[in-house]
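Here's a quick briefing to read with the model open beside you.

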Amino acid sequence: LKQFLPEYMLPQAFVVLDALPLTPNGKIDRKALPLPAQAPTPAAASYVTPSNDLEVTIAGIWREMLGIERVGRKDNIFDLGASSLLTVEANNRLQNALGRKIPLVSMFRYPTVEALATHLAKSVAIIDSAPSATATAEQERSNRLAAAAERRRAARAQSA
């Protein structure tokens with residue numbers, strides 16, 4: 001499945017059955033299906049503490065959302081039990097905590113605390129280093145006004 005599906009779409013657990021339980025009319029009896037056993041996450045053995053404020057914020061939101069004891073910087077949110085619906089809620093909480101818009105797709109493209117924090121830090125650096133849209137628009141308007149004034153002067157000089 002890893003060859004064909006993105007990581008966030010992979011099932012968290014597989015249950016092997018000899019046969020599917022059926023209802024008397026031959027349909028699958030979903031209520032009789034066994035629950036998958038919760039295997040310990042491999043991330044629990046290799047816990048790495050979040051290293052900066054942004055990672056701590058992201059890990060804290062995921063810890064609260066998933067109801068688990070700790071979330072490390074290398075932990076994949078989907079391996080910890082997050083669903084797409086929880087990811088939407090976490091995105092909203094993260095936007096509120098950081099006070100800026102974060103595209104939802106970023107949560108899926110960068111599923112570890114470390115990757116998401118790195119991505120968010122880079123996007124802030126790009127925004128901060130780029131001239132603001134207002135400053136750029138004002139500069140363009142100023143250039144247009146100067147060019148128009150120059151054309152008027154040239155037209156007056158020609159007519160005189």
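Helices here are DSSP runs of H or I with at least four residues, strands are E runs of at least two, and the elements are numbered from the N terminus. This is a predicted model, so local features need pLDDT of at least 70 and side-chain atom pairs count only at pLDDT 80 or more, while totals for chains, interfaces and linings use all residues. Residues are numbered from 1 along each chain as its sequence is written, and side-chain values use heavy atoms, with hydrogens and water left out.

**Overall make-up**

- The protein has five helices and zero strands, so reading from the N terminus on gives α-α-α-α-α.
- Buried residues make up 24% of the 160 residues, where buried means under 20% relative accessible area, exposed means over 50% and partly exposed is in between (1.4 Å probe, protein chains only).
- Among contacts with a separation of 6 or more, 50% are between residues 24 or more positions apart; a contact means heavy atoms within 4.5 Å.
- The accessible surface comes to about 11700 Å², and 56% of that belongs to carbon and sulfur atoms. Areas come from the Shrake-Rupley method with a 1.4 Å probe, and for residues only the protein chains shown count as cover.

**Helix H1 and its ends**

- H1 covers residues 53-66. Its 14 residues should span 20 Å at 1.5 Å a residue, and the end C-alpha atoms are 20 Å apart, which agrees; the expected span is 1.5 Å times one less than the number of residues.
- At the start of H1, a side-chain oxygen of Asn-52 reaches to within 3.1 Å of the backbone nitrogen of Leu-54. That is a polar contact, meaning a pair of N or O atoms within 3.5 Å; within protein, one must be able to donate a hydrogen and the other to accept it, and residues adjacent in sequence count only if both atoms are side-chain atoms.
- Just after H1, Gly-67 takes a positive phi of about 65°.
- The buried residues of H1 are Leu-54, Glu-55, Ile-58, Ala-59, Gly-60, Ile-61, Trp-62, Met-65 and Leu-66.

- Glu-55 sits in H1 and is buried, at 2% relative accessible area.
- A polar atom of the Glu-55 side chain lies 2.7 Å from the backbone nitrogen of Ser-51.
- Not counting residues up to four places away in sequence, Glu-55 touches Pro-50, Arg-73, Val-113, Glu-114 and Ala-117.

**Salt bridges**

- How many salt bridges does the structure hold? There are six, each being a side-chain nitrogen of Lys or Arg within 4 Å of a carboxyl oxygen of Asp or Glu.
- Glu-114 and Lys-74 pair up at 2.9 Å, N to O. Glu-114 lies in helix H4 (residues 113-129) and Lys-74 in the loop between H1 and helix H2 (84-98), so the pair ties together parts that are 40 residues apart in sequence.
- Both partners are partly exposed: Glu-114 has 21% relative accessibility and Lys-74 has 46%.
- Glu-55, Arg-73, Lys-74 and Glu-114 are linked in a network of salt bridges.
- Within H2, Arg-93 and Glu-89 are four residues apart, about one helical turn, and their closest N and O atoms are 3.1 Å apart. Arg-93 is partly exposed at 30%, as is Glu-89 at 32%.
- In helix H5 (residues 133-159), Arg-153 and Glu-150 are three residues apart, about one turn, with the closest N and O atoms of their salt bridge 3.2 Å apart. Arg-153 is partly exposed at 47%, and Glu-150 is partly exposed at 44%.

- Thr-112 is found in the loop between helix H3 (104-109) and H4.
- A polar atom of its side chain lies 3.1 Å from the backbone nitrogen of Ala-115.
- Leaving aside neighbours within four places in sequence, Thr-112 is in contact with Arg-73, Lys-74, Asp-75 and Asn-76.

**A nonpolar surface patch**

- Val-15, Leu-17, Leu-20, Leu-22, Ile-28 and Leu-33 make a nonpolar surface patch of about 490 Å². Patches are made of residues with over 30% relative accessible area and no salt bridge, with like charges joined within 9 Å and nonpolar side chains (Val, Leu, Ile, Met, Phe, Trp, Tyr) within 5 Å.
- Leu-20 lies in the segment before H1 and is partly exposed, with a relative accessible area of 47%.
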